[in-house]
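Please keep the sequence and the 3D view at hand while reading.

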Amino acid sequence: MQETPTSLPRRHLLVGSASALAGVGLATWTRGAVAQAAAPKPLPAYVSWKDASALIVHSSSTLETKRSAFGTSVITPSEQLFIRNNLPAPDPSILDNRDAWTVSFQGVKSPRDLTLAELKTLGIETVAMVLQCSGNGRGFFPHKPSGTPWTVGAAGCVVWSGVPLKNVVQALGGLVDGARYITGTGGEKIPEGVDPNSVKVERSVPIAALEDALLAWELNGAPISLAHGGPLRLIVPGYTGVNNIKYVKNVAFTPRETTAGIMANRYRVSPVGAKGGPEHESVLGMNVKSWINGPLSEHGPVKAGRVQIHGVAFGGIEALKGVEVSIDGGKTWQAARLVGPDLGKYAWRQFVFSADLKPGTYTLASRATDVKGNVQPEQRMENQDGYNNNSWADHAVKLTVA
């Protein structure tokens, strides 16, 4: 629930052939589907308010939204939104007086601490965005990386409200010279007897993210729950979940990236078999991606005739341009129709494709394109920890029509 470039790598071009779908994509999809069919675990107490029927409980700190639960509306309800926490949440008492929460600001000309009440006087903005764990799609990697075997459900499209971070910077006199990164630190309690640098949640993102970053106190129109980072969360639209710091206690504008382990060594896209390090790409901005949410064979065969194929698509750090659908495993593609409101470049769009399907078995896939011309690739980029999987082949589904 991550590098330094101001322009993100876009080396994921369409590679391989559609024939690889049967040998790679569908095999891993089947493994993910079997995992999702396992006996459900009860919800942990701290998220007992969530919709258990919409979630897969992997562990007390990792809950995944079922593919079938996404529906056809744009916004993911908070009670269905995935959970990914690197450390246990702080004591719930931090929510007793939300406005008393303090954040320390450094790397500005007038550094100081501000309470949430004071931050609320500096302006309000709202952004709709995809919140996605960088390991979403890990369950499709054939080498079975360690970590939660997410398929599609470590993601959601939600609305955050708070103060623009750039407003805070302006109120504190502007940036100091040489500031190249926004470094946020979470307020989780550090376990005793360990080096704080090895476990604290502290991430650095390029200073260009300042344009859209928020210090948010509302999620989907309600105060942010403890499970999702309340009372205050640093929101960096277009960036993967780990960069959106929960319980944010410190925001520094720094000349270099943090040396915290979660930045220096973890959340790095390293080759299979290699440990992550500063020499490897960090997980920061998201890539163009889509997947189909229905109809699904888990509900039994679909009746032959007119079928509405629907799913979600987003551009990641860029705006979405369009999405195509294939009913034959990627051999042919046709444009899908984007439906519902356009909530901005960082939100996902729902798409629908109407098809007349005769009895048989179909392989349904979707392929998105962003406004910069980046196309969702057929194959994943192999890496040790299973990050950044936006392969359309992996995310394809099989459908039986009777």
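In which strand does S161 lie? In this predicted model, S161 belongs to strand β7, which covers residues 155–164.

**Surroundings of S161**
- S161 has a relative accessible area of 11%, and because buried means under 20%, this residue counts as buried.
- Through its side chain, S161 makes a polar contact with the side chain of T126, at 2.8 Å.
- When residues up to four places away in sequence are left aside, S161 touches E125 and T126, and also A216, W217 and E218.

- In soluble globular proteins, nonpolar side chains tend to be buried together.
- The largest nonpolar core here holds 43 residues, of which F105, L165 and L215 touch the most other members.
- At least two residues of this core come from each of β4 (102–106), α2 (116–119), α3 (165–171), β10 (214–219) and β13 (248–254).
- L165, again not counting residues up to four places away in sequence, touches F105, I182, L210, A213, L214, L215, L234, V251 and F253.

- Strands of a sheet pair through backbone hydrogen bonds, either parallel or antiparallel.
- Four strands form an open sheet in the order β19-β18-β22-β23, and their pairing is antiparallel.
- The edges are taken by β19 (334–335) and β23 (397–401), each of which has a single partner strand, so one side of each is left without a neighbour in the sheet.
- Strand β18 (residues 320–326) and strand β22 (residues 360–370) are joined in the antiparallel sense over six bridges, and the bridge partner of V325 in β22 is S366.

**Overall dimensions and surface**
- The protein contains five helices and 23 strands.
- Taken along the principal axes, the C-alpha atoms fill a box of roughly 70 × 40 × 40 Å.
- Of the 402 residues, 56% are buried.
- The protein exposes about 15800 Å², and carbon and sulfur atoms supply 54% of that area.

Technical notes:
Residues are numbered from 1 along each chain as its sequence is written. This is a predicted model: local features need pLDDT of at least 70, side-chain atom pairs count only at pLDDT 80 or more; totals for chains, interfaces and linings use all residues. Side-chain values use heavy atoms; hydrogens and water are left out. Two strands pair if DSSP finds at least two bridges between them. A nonpolar core is a set of buried Ala, Val, Leu, Ile, Met, Phe, Trp, Tyr and Cys residues joined through side-chain atoms within 4.5 Å. Buried means under 20% relative accessible area, exposed over 50%, partly exposed in between (1.4 Å probe, protein chains only). Contact means heavy atoms within 4.5 Å. Accessible areas come from the Shrake-Rupley method with a 1.4 Å probe; for residues, only the protein chains shown count as cover. A polar contact is a pair of N or O atoms within 3.5 Å; within protein, one must be able to donate a hydrogen and the other to accept it, and residues adjacent in sequence count only if both atoms are side-chain atoms.
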